[in-house]
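Trainee: I'd like to take a close look at one part of this assembly, the place where two chains meet. Could you walk me through it slowly?

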Amino acid sequence: MFYGGDYNPEQWPEEVWKEDVALMRRAGVNLVTVGVFSWARLEPSPGVYDFTWLDTVMDLLHEGGVQVDLATPTASPPPWFSLLHPDALPVTAEGTRLTHGSRDTYCVSAPPYRQASMSIARALAERYHAHPALAMWHVHNEYGTRCHCDHVAAAFRQWLEIRYGALAALNEAWTTAFWSQGYSAWEQVTPPRATQYLPNPSQALDFRRFLSDELLGHFTAQRDLLKSFTPHLPVTTNFVFGDWVPVNHQRWAREVDVVAIDHYPSGPGTTAVEEGAFAADLARSWAGGRPWLLMEQAAGVVYTGARMVAKREGETIRHSMQHVARGADGVLFFQWRASRGGAEQWHAGMVPHAGPSSRLFGEICELGALLSDTEADGEVAAEVALLWDAEAWWALGSPGLPSLELDYLDALRQAHRVLYHHGHTADFAAPSADLSRYRAVLVPSLYLLSDADAANLARYVEAGGTLVVSFFSGVADEHARVRLGGYPGALRDVLGVRVEELRPLDGPVSLTHGLTGTLWSEVVHLEGATAVTAYPDGAPAITRRRGAFYLSTRLDDAGYAWVLRQAGLAMPDSPVELVRRGDTVFAINHTDLPHTVAGPGGGPLRLEPGQVRLYPAQTSR
Amino acid sequence: MFYGGDYNPEQWPEEVWKEDVALMRRAGVNLVTVGVFSWARLEPSPGVYDFTWLDTVMDLLHEGGVQVDLATPTASPPPWFSLLHPDALPVTAEGTRLTHGSRDTYCVSAPPYRQASMSIARALAERYHAHPALAMWHVHNEYGTRCHCDHVAAAFRQWLEIRYGALAALNEAWTTAFWSQGYSAWEQVTPPRATQYLPNPSQALDFRRFLSDELLGHFTAQRDLLKSFTPHLPVTTNFVFGDWVPVNHQRWAREVDVVAIDHYPSGPGTTAVEEGAFAADLARSWAGGRPWLLMEQAAGVVYTGARMVAKREGETIRHSMQHVARGADGVLFFQWRASRGGAEQWHAGMVPHAGPSSRLFGEICELGALLSDTEADGEVAAEVALLWDAEAWWALGSPGLPSLELDYLDALRQAHRVLYHHGHTADFAAPSADLSRYRAVLVPSLYLLSDADAANLARYVEAGGTLVVSFFSGVADEHARVRLGGYPGALRDVLGVRVEELRPLDGPVSLTHGLTGTLWSEVVHLEGATAVTAYPDGAPAITRRRGAFYLSTRLDDAGYAWVLRQAGLAMPDSPVELVRRGDTVFAINHTDLPHTVAGPGGGPLRLEPGQVRLYPAQTSR
Amino acid sequence: MFYGGDYNPEQWPEEVWKEDVALMRRAGVNLVTVGVFSWARLEPSPGVYDFTWLDTVMDLLHEGGVQVDLATPTASPPPWFSLLHPDALPVTAEGTRLTHGSRDTYCVSAPPYRQASMSIARALAERYHAHPALAMWHVHNEYGTRCHCDHVAAAFRQWLEIRYGALAALNEAWTTAFWSQGYSAWEQVTPPRATQYLPNPSQALDFRRFLSDELLGHFTAQRDLLKSFTPHLPVTTNFVFGDWVPVNHQRWAREVDVVAIDHYPSGPGTTAVEEGAFAADLARSWAGGRPWLLMEQAAGVVYTGARMVAKREGETIRHSMQHVARGADGVLFFQWRASRGGAEQWHAGMVPHAGPSSRLFGEICELGALLSDTEADGEVAAEVALLWDAEAWWALGSPGLPSLELDYLDALRQAHRVLYHHGHTADFAAPSADLSRYRAVLVPSLYLLSDADAANLARYVEAGGTLVVSFFSGVADEHARVRLGGYPGALRDVLGVRVEELRPLDGPVSLTHGLTGTLWSEVVHLEGATAVTAYPDGAPAITRRRGAFYLSTRLDDAGYAWVLRQAGLAMPDSPVELVRRGDTVFAINHTDLPHTVAGPGGGPLRLEPGQVRLYPAQTSR
């Protein structure tokens with residue numbers, strides 16, 4: 001089990017480094033990420049390298065028994081690079097060329113940036129490929145920079161030519177016949193830049209796909225280079241979640257040796273716990289059974305946007321163990337030591353500003369001890385899958401949809417949250433995945449759906465699977481074009497319904513069975529399905545055809561749980577987080593009350609407030 | 001009676017076209033607007049035309065008995081045009097040059113754009129001027145694009161030179177002595193571009209006047225060209241209402257053969273009905289007795305900004321008939337068939353995504369039948385006029401006014417709404433219009449007023465007319481300069497008051513007679529008028545001098561109705577929309593309850609919930 | 001006692017000027033500021049001057065007995081200047097070059113602007129240095145324009161080189177090791193321009209310091225030039241308060257002969273009174289015992305942002321006398337006559353639009369008479385000081401702090417407000433000032449604190465002083481770097497506490513003694529201090545060590561007053577504003593009720609609602 005964090009010795013005088021290693025030993029740290037933001041220090045002027053300090057750091061860490069996840073520093077080019085290559089700075093959709101003075105000031109498509117990235121990566125690999133501390137490569141940091149410059153435009157066109165072959169196919173896919181946007185030459189095609197009125201949703205969608213691939217190309221080039229030096233060592237990069245990140249992590253996961261995520265919940269308390277479970281399940285699903293890491297989290301603090309809220313006693317431990325329970329093979333933090341200055345001087349550290357003589361560092365040591373005692377391997381048991389598709393998410397962010405309140409992430413989080421509070425650990429699956437292993441598959445507002453993926457869902461139901469589809473799913477094809485003849489297009493047959501009209505709501509509507517719908521409703525005709533609940537006018541609101549359920553409105557959490565019960569899932573109230581990983585059950589009591597669960601051998605097991613317990617699963621699998 | 005919508009066959013494969021014509025026949029459609037966004041299809045590369053598809057469409061429509069309102073496609077230049085003429089793309093006040101990827105990406109003052117517009121219009125006229133389907137020309141679409149580039153600056157200066165002759169006159173009109181803005185050469189004068197602090201309100205006002213005229217010049221050039229081919233056919237363009245449109249439609253109405261408006265209410269239910277009556281009365285008043293058309297509306301749906309709200313059963317019909325009652329000679333929609341892709345793929349169509357087998361298309365057919373049975377001509381009876389002046393509206397949008405809450409449109413809507421709910425159909429009149437035919441003239445917050453127009457109002461009162469003026473009217477001259485010596489400047493004599501101070505409110509104030517004022521108050525001295533109601537300190541709040549009333553505060557709707565009663569108007573509660581057009585009364589029950597009205601011959605006539613009835617007026621006029 | 005306002009005769013025809021002088025005499029006006037925005041009129045084209053009109057105005061004023069505060073017009077260059085020197089227009093952080101059309105459209109670092117400024121100032125000095133009306137020079141207006149262009153970048157680098165000497169020192173001070181921002185050459189350093197993510201807080205802080213100094217350099221150059229003509233005449237500029245002004249007035253005050261402030265309260269009623277006292281105390285403190293002026297205020301009106309709220313009867317007088325009581329030797333307004341046109345046509349004037357026959361002008365005359373009867377000199381008595389530091393304010397505006405709700409100005413205003421309502425007149429002192437004269441020193445959220453200044457505070461407490469420090473003070477050094485080892489860094493010893501964690505709150509927390517904390521809390525360890533009040537868990541919330549109090553949370557006004565009582569201050573409720581200046585007591589009843597105070601000789605003195613009374617202080621000092 002890995003334990004550690006980002007370590008940025010370049011921020012500190014050399015005399016601190018020895019204290020760092022000693023404190024790491026005290027805390028049980030065995031892996032640190034070094035060099036993420038060290039480019040300016042490693043290459044203070046073009047082609048001039050200074051590795052002496054890093055040599056010392058690597059040696060010190062090795063002597064202290066700490067392994068190194070060595071980073072290429074390409075997420076933050078030095079100021080000299082910006083001056084030398086102004087065309088490699090990112091440009092906004094409005095045409096503003098951003099400048100250095102923060103991190104991520106690069107255009108991923110700019111040739112000088114690509115070249116400089118490879119040069120520094122090669123220099124690092126040449127220097128450290130045989131260093132005994134080196135355990136892993138960490139490429140870049142939180143890929144997600146957008147740019148709209150002419151380099152990007154050229155790369156976008158190249159990507160589109162590969163995707164569409166002929167311009168006619170692009171015109172067809174993007175419906176450029178609308179508003180006279182027909183392209184007659186490739187050079188007319190641009191990224192979605194500032195324009196007069198509503199943009200083209202298919203163009204926007206393809207641009208996000210392109211950006212994800214373009215950034216991925218930057219990653220794989222470095223990965224392949226590093227692998228040529230150290231074929232035996234894993235290469236990773238840290239995924240960061242959030243709807244501002246234009247990256248399809250599901251796709252990227254196939255290219256990293258180890259999936260690694262950064263996770264910063266958006267709120268304290270229950271919100272943090274729910275989001276932690278969500279993130280961990282996503283990471284495990286992306287990893288597809290391989291090991292994965294929690295690469296970054298904040299020690300002792302949750303950032304709500306408005307303020308930094310302190311985690312309560314033990315919460316840092318419980319949040320970490322949540323990830324381990326759900327499959328993580330390592331728990332790391334950003335960063336080891338809280339910075340004295342710079343843009344993130346108030347970001348938490350494992351060693352806070354107050355120093356090691358602090359409650360927080362005490363908890364960090366306690367967590368280290370707990371992890372070193374934890375043996376966890378084997379698969380995490382999950383009977384239910386949520387369909388997850390980044391492209392559908394992006395498409396649901398189009399400006400012209402029937403309601404501004406449509407929110408893919410909110411729909412996913414609700415489904416996951418309801419499962420979480422009723423005892424289910426969930427996987428996230430791609431719409432194209434083999435779903436046969438799942439007892440049930442939930443499909444929250446999957447706007448975009450290809451024919452092939454729709455057929456996959458139909459096969460799953462055909463084979464006896466339970467499918468729970470929420471409103472506004474399957475209505476568009478992979479080019480974000482509406483499927484005609486009745487919604488929900490690609491899913492009409494499997495659901496046995498035909499929706500004639502979409503009717504977004506601005507208030508609640510009462511359904512039968514005491515349910516309440518909000519946000520959305522539809523005019524649903526039964527074509528093979530039967531009604532499960534109805535709108536006030538008697539029209540079907542929720543329907544069922546064999547194992548396939550359709551929800552034409554948004555329910556509250558209790559209502560969604562009710563539907564899952566109708567679909568045959570056991571939905572016991574679960575105040576304690578209980579996750580089985582391999583032969584071990586992780587029981588985490590995030591609450592302020594004691595709770596009793598079915599312990600080892602089935603007997604009652606008491607969990608004190610805040611307690612974490614691991615015990616053998618009742619039966620082997 | 002025209003019936004139809006925008007028809008965009010270029011979005012669909014040819015096999016759909018025949019079905020379209022068949023469905024149009026079923027629905028009773030007799031006029032469609034073709035080609036609004038077809039430039040890229042008609043002229044796929046510079047100077048290369050492809051009319052074959054349009055030939056087919058025109059022939060098919062003609063064979064099907066559907067007439068064509070043929071559009072010039074100049075509102076949406078093709079991508080090739082942007083690449084060839086980057087200087088013809090619009091520039092924001094901040095200097096961002098917008099690009100293609102949406103509609104309206106042109107600078108109306110750019111010579112290449114003007115030339116390209118005329119070329120495509122000429123090509124269309126040459127091709128189709130003798131086509132038997134051609135019934136009307138539709139120039140451009142929803143004129144309203146702003147630009148701040150150097151082409152615009154040059155044109156603005158030319159416009160100003162014509163308006164002011166000498167630079168000294170401009171300096172005087174704009175009060176450039178304030179903040180050292182005195183111009184010593186014409187080339188120093190620019191559009192209002194991003195600047196350090198508050199802009200010059202007179203410059204901003206003249207820029208909007210210029211923009212309206214500049215766009216109008218683009219229209220009249222095309223109109224004259226088309227007329228040279230088909231002198232007998234009407235030429236129009238579709239007006240679109242909203243405070244973001246920099247166009248003076250009252251002025252434009254004199255240049256079109258047929259006034260045509262697009263109308264999209266901002267809210268469902270009563271809001272939609274009130275806004276529909278308002279829009280129709282505006283269009284009729286702009287048309288000045290000539291026929292006019294509802295050129296665009298949405299079938300079955302209201303866009304609130306936040307969401308698309310479904311119209312209830314029959315509402316699409318009732319909304320349409322509202323316009324016919326108020327003088328429309330045609331009812332059309334955007335668009336015939338809901339788009340599959342593109343920026344407005346979720347905009348409603350007469351044929352929805354679900355296809356003709358739908359409630360909505362059924363209602364479209366029902367409306368077609370109703371319209372073909374409807375014979376309506378003759379004038380719409382209106383006893384009351386509201387003064388309407390786009391320039392006063394623009395001036396009331398200046399940033400430095402005494403209250404941010406001043407809202408010209410809100411003031412107009414309130415006055416119209418109160419009349420609507422109390423049985424009055426209203427005209428909108430320019431301040432310079434002959435007002436002698438009206439029983440009463442309402443003047444909501446007419447900030448800007450010229451001497452000549454003020455004299456017109458005085459003559460109206462002199463001749464026995466009833467004038468109801470609301471606060472902050474007449475205080476500025478036509479250059480947006482404050483009239484000195486006491487407010488409301490140009491109206492002091494006719495109203496018999498002198499206002500010493502303006503006192504915007506941040507809460508309500510109680511007046512005598514149980515009235516309540518909000519938003520605004522004034523320190524009013526009587527100079528010939530008498531007080532009708534008073535503020536708590538006894539000072540006059542509403543005054544009267546002969547037939548001229550002055551409201552120095554904002555009343556609620558009931559209060560405003562009370563004042564109109566004092567002014568001698570009958571103000572019966574009118575739950576049903578009752579409008580007399582020529583010899584026909586249109587009775588529309590927009591409510592969910594039955595109502596009884598005075599029917600033909602004066603006897604009671606029952607209107608079921610949602611019912612529309614037409615019957616002969618009791619007496620001819 | 002000076003009385004008057006900004007006089008802009010260039011806005012009016014010559015025939016108005018004589019009436020102006022007559023009205024000034026009637027009102028008792030004896031000083032007007034002329035020429036602030038006259039550049040375009042004085043120099044209508046480059047190098048061509050027209051002084052004839054100003055000659056006439058100066059002569060007329062002199063004949064009327066009105067002295068002139070003659071302004072250099074450099075705050076508003078004419079349009080011809082923008083066209084001639086586009087590189088002297090200001091550029092936003094996003095790179096937008098602003099243009100003329102408002103005031104302040106200049107880049108203070110652009111050589112052509114510097115040269116043009118000196119030329120017009122010299123021309124004015126040559127023309128009028130011996131004019132008998134000339135009493136004072138007024139350089140520029142409300143310095144505060146930001147620019148991010150290359151001229152500014154060059155000047156910023158020069159400033160940094162002087163400050164830091166070597167680039168290594170800058171890298172250290174700015175912690176550029178974070179996020180790879182290490183500079184290897186001076187030309188890499190730029191102003192904080194638009195970048196990809198969070199900016200560097202130390203760079204931002206130094207840029208504000210630089211901007212203040214750079215603008216000051218523009219002032220002192222003109223000042224020295226004017227002094228060379230008229231060594232005997234005072235030179236000033238008008239300070240304007242607000243967090244958008246990048247100027248350190250405390251520093252600037254040392255360079256003006258007379259401190260002059262513009263004051264526009266943000267709300268009516270009590271808010272205006274509290275802000276007036278705050279502004280006047282700041283001005284007096286900046287002046288450091290020298291005379292100062294209220295150079296601008298609005299007659300009869302308060303601007304809330306949303307609307308202009310009328311001052312009640314006598315309020316204009318009371319607001320003015322508040323400033324006199326607190327040390328002002330003059331009361332002026334912007335502007336003499338309300339403008340007819342231009343961006344501020346709705347800004348109040350001493351002569352309103354309605355003309356001199358108005359309540360407002362009557363009050364202006366009444367104020368003039370009162371001032372001419374007022375003899376006020378001598379120091380204003382103040383026992384308490386608030387620490388004030390513009391740099392700490394700027395640093396507390398950094399984007400990455402632990403709470404978005406930290407608000408330096410709010411903290412200062414609260415402390416001042418509480419003193420105001422409990423009978424204390426306060427000084428504002430720099431952290432480096434000699435504090436020995438004060439009974440107590442309050443330190444609201446002084447984020448930034450140098451070692452030297454911390455030592456100054458320690459000496460003050462050592463000598464028996466009372467120090468009341470609020471949360472998040474002293475945590476950062478002068479480079480905005482966090483002090484390590486425990487908060488509040490520089491103040492740990494004097495306060496006797498060590499804070500381990502900062503815990504921003506999103507709701508209230510109950511303290512002992514019936515107090516309530518909001519916004520912020522901390523984990524405080526006592527290291528020499530004792531607890532005064534505690535959090536619910538018993539941990540210290542407010543502490544005391546000798547005379548030094550520490551508040552680790554935000555209290556409401558009553559709670560803050562309670563603490564000041566614990567600190568030994570008498571805190572009587574004071575419904576009337578009572579200020580002693582020299583041998584005179586100013587008693588101002590801002591309320592609607594009569595109040596009785598201790599009058600001359602100690603006997604009761606009744607103040608009617610709204611009354612202002614001056615009387616001899618009980619004992620001489």
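Trainee: How many residues does the contact take from chain B, and how many from chain A?

Mentor: Keep in mind that this is a predicted model. The contact takes 44 residues from chain B and 46 residues from chain A. Start on the chain B side. Three elements there each supply at least two residues to the side that touches chain A: helix H2 (39-42), helix H4 (79-84) and strand S10 (308-310) of chain B. Sort the residues of that side by class and you get 18 nonpolar, 18 polar and 8 charged.

Now let's see how the two chains sit relative to each other. In general, two copies of a chain are related by a rotation about an axis and a shift along it. Here, chain B can be laid on chain A by a turn of 120 degrees with a shift of 0.0 Å along the axis, and the RMSD is 0.0 Å. The two copies are thus related as by a three-fold rotation axis. If you want to find that axis on screen, look for B:Thr96: of the residues of chain B, B:Thr96 comes closest to the axis, with its C-alpha at 5.0 Å.

Next, move on to chain A and chain C. Chain A can be laid on chain C by a turn of 120 degrees and a shift of 0.0 Å along the axis, with an RMSD of 0.1 Å. On chain A, the residue that comes closest to the rotation axis is A:Thr96, at 5.0 Å by its C-alpha. The contact here takes 44 residues from chain A and 46 residues from chain C. On the side of chain A that touches chain C, two or more residues come from each of helix H2 (39-42), helix H4 (79-84) and strand S10 (308-310) of chain A. By class, the residues of that side divide into 18 nonpolar, 18 polar and 8 charged.

Chain A has 17 helices and 28 strands. Its radius of gyration is 26 Å, close to the 25 Å that the globule rule gives for 621 residues, so chain A is as compact as a globular protein of that length. Its C-alpha atoms fill a box of roughly 75 × 70 × 40 Å along the principal axes.

While you're in chain B, have a look at a pair of helices. The axes of H10 (residues 270-287) and H11 (residues 315-325) of chain B come within 9 Å and cross at roughly 25 degrees. That makes H10(B) roughly parallel to H11(B), and their crossing is right-handed. From H10(B), the contact is made by B:Ala272, B:Val273, B:Gly276, B:Ala277 and B:Ala280, while H11(B) brings B:His319, B:Gln322 and B:His323. Count that contact by class and there are 4 nonpolar, 4 polar and no charged residues.

Most residues other than glycine have a negative phi, and most peptide bonds are trans. The peptide bond from B:Phe334 to B:Gln335 is cis, with omega near -5 degrees. You'll find B:Gln335 in the loop between strand S11 (328-333) and helix H12 (359-373) of chain B. In chain C, the bond from C:Phe334 to C:Gln335 is cis as well, with omega near -5 degrees. Finally, A:Glu142 isn't a glycine, yet it has a positive phi of about 40 degrees. Look for A:Glu142 in the loop between strand S4 (134-139) and helix H6 (150-164) of chain A.

Key
Residues numbered from 1 in each chain as written. Chains lettered and ligands numbered in written order. Predicted model: local features only at pLDDT ≥ 70, side-chain atom pairs only at ≥ 80, totals over all residues. Least-squares fit on C-alpha atoms with pLDDT ≥ 70 in both. Axes fitted to C-alpha atoms, helices over the stretch in contact; angles between N-to-C directions. Helix = DSSP H or I, 4+ residues; strand = E, 2+ residues; numbered from the N terminus. Parallel < 35°, antiparallel > 145°, perpendicular 65-115°, else oblique. Left-handed = near helix turned anticlockwise from the far one by under 90°. Contact = placed C-beta atoms within 7 Å. Nonpolar A, V, L, I, M, F, W, Y, C, P; charged D, E, K, R; others polar. Rg over C-alpha atoms; globule rule 2.2 N^0.38 Å.
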